[in-house]
Amino acid sequence: MKRYACPMGRNMLRKCSVVILLILLAACGSQEPFGTDQHGALIPKALLDEQWLVINYWAIWCAPCRQEVPELNELHHQLHSQGVRVLGVNYDQLQGAELLADSQQLGIEFPVFSSDPAVHFNLPKTQGLPATYIVNPHGQLAGTMHGEQSKESILIALEQLGWSSP
């Protein structure tokens, strides 16, 4: 077997490899995608880190879900710059064009995960709809709300769990 000598030398090659690997890891770390939303746009993990998350499970056939969407939209617009993210999850696990069509039909203005984030946030199995989970900035489940919610009921829950308006 022939051996070829590296013009840079072995030590220099190893150092370069380590530096390149560190640069790649640093560049990927905070922008690693968490998944995509109903529009197919990437949801960067960094967008969810150190934020309060209001994760709402909904379905097109759920009448109370339809009623609470305008409240969640208001909450989304009011709090997105205050450390709170409103996110949706389709209970029927729709994907692609079906997910987009149903979210548009309900008038959802906040991001809807294209895949269920329950495992990542250690959320319980959703039994009934609507269901809303509050995840604290450490990524831990902090609260569970069953049934139709209002903007006010979610704000009260957030405050009781430790969120404070800036």
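## Exercises on a predicted model

Q105 is found in helix 4, where helices (H or I, at least four residues) and strands (E, at least two) are DSSP runs numbered from the N terminus. The model is predicted, so local features need pLDDT of at least 70 and side-chain atom pairs count only at pLDDT 80 or more, whereas totals for chains, interfaces and linings use all residues. Residues are numbered from 1 along each chain as its sequence is written, and side-chain values use heavy atoms, with hydrogens and water left out.

**Exercise 1.** Determine whether Q105 is buried or exposed, and state which residues it contacts beyond four places in sequence.

*Solution.* Step one: apply the accessibility classes, namely buried under 20% relative accessible area, exposed over 50%, and partly exposed in between (1.4 Å probe, protein chains only). With a relative accessible area of 53%, Q105 is exposed. Step two: take contact to mean heavy atoms within 4.5 Å. Apart from neighbours within four places in sequence, Q105 contacts I60 and R66. Q105 and R66 lie 39 residues apart along the chain, and their C-alpha atoms are separated by 9.6 Å.

**Exercise 2.** Assign the two faces of helix 4 and identify what its buried residues pack against.

*Solution.* Step one: list the buried residues of helix 4, which are L99, D102, S103 and L106. Because these residues cover an arc of only 95° around the axis, they lie on the same side of helix 4; the arc is that of the directions from the helix axis to the C-beta atoms. An α-helix has 3.6 residues a turn, so residues three or four places apart point the same way. Step two: turn to the face directed away from the buried side, which carries the exposed residues A97, Q104 and Q105. Step three: name the packing partners of the buried residues, which are strand 3, helix 3, strand 4 and strand 5. After helix 4 comes G107, with a positive phi near 75°.

**Exercise 3.** Carry out the corresponding analysis for helix 6.

*Solution.* Step one: within helix 6 (residues 151-160), the buried residues are K151, I154, L155, A157 and L158. They share the same side of helix 6, because they cover an arc of only 160° around the axis. Step two: their cover includes strand 3 (52-58), helix 3 (63-79), strand 4 (84-90), strand 6 (131-135) and strand 7 (141-146). Step three: just after helix 6, G162 adopts a positive phi of about 115°.

**Exercise 4.** Describe the largest nonpolar core and the surroundings of L48.

*Solution.* Step one: define such a core as a set of buried Ala, Val, Leu, Ile, Met, Phe, Trp, Tyr and Cys residues joined through side-chain atoms within 4.5 Å. The largest one has 42 residues, and those with the most contacts inside it are L48, I55, Y57, F121, L123 and L158. Its largest share, 6 residues, comes from strand 3. Step two: excluding neighbours within four places in sequence, L48 contacts F34, I43, L53, L87, F113 and F121.

**Exercise 5.** Locate S114 and decide whether it is buried or exposed.

*Solution.* Step one: S114 occupies the loop between strand 5 (112-113) and helix 5 (118-121). Step two: its relative accessibility is 15%, and therefore S114 counts as buried. Step three: not counting residues up to four places away in sequence, S114 touches T36, D37, L94, Q95 and L99. L99 also belongs to the buried residues of helix 4.
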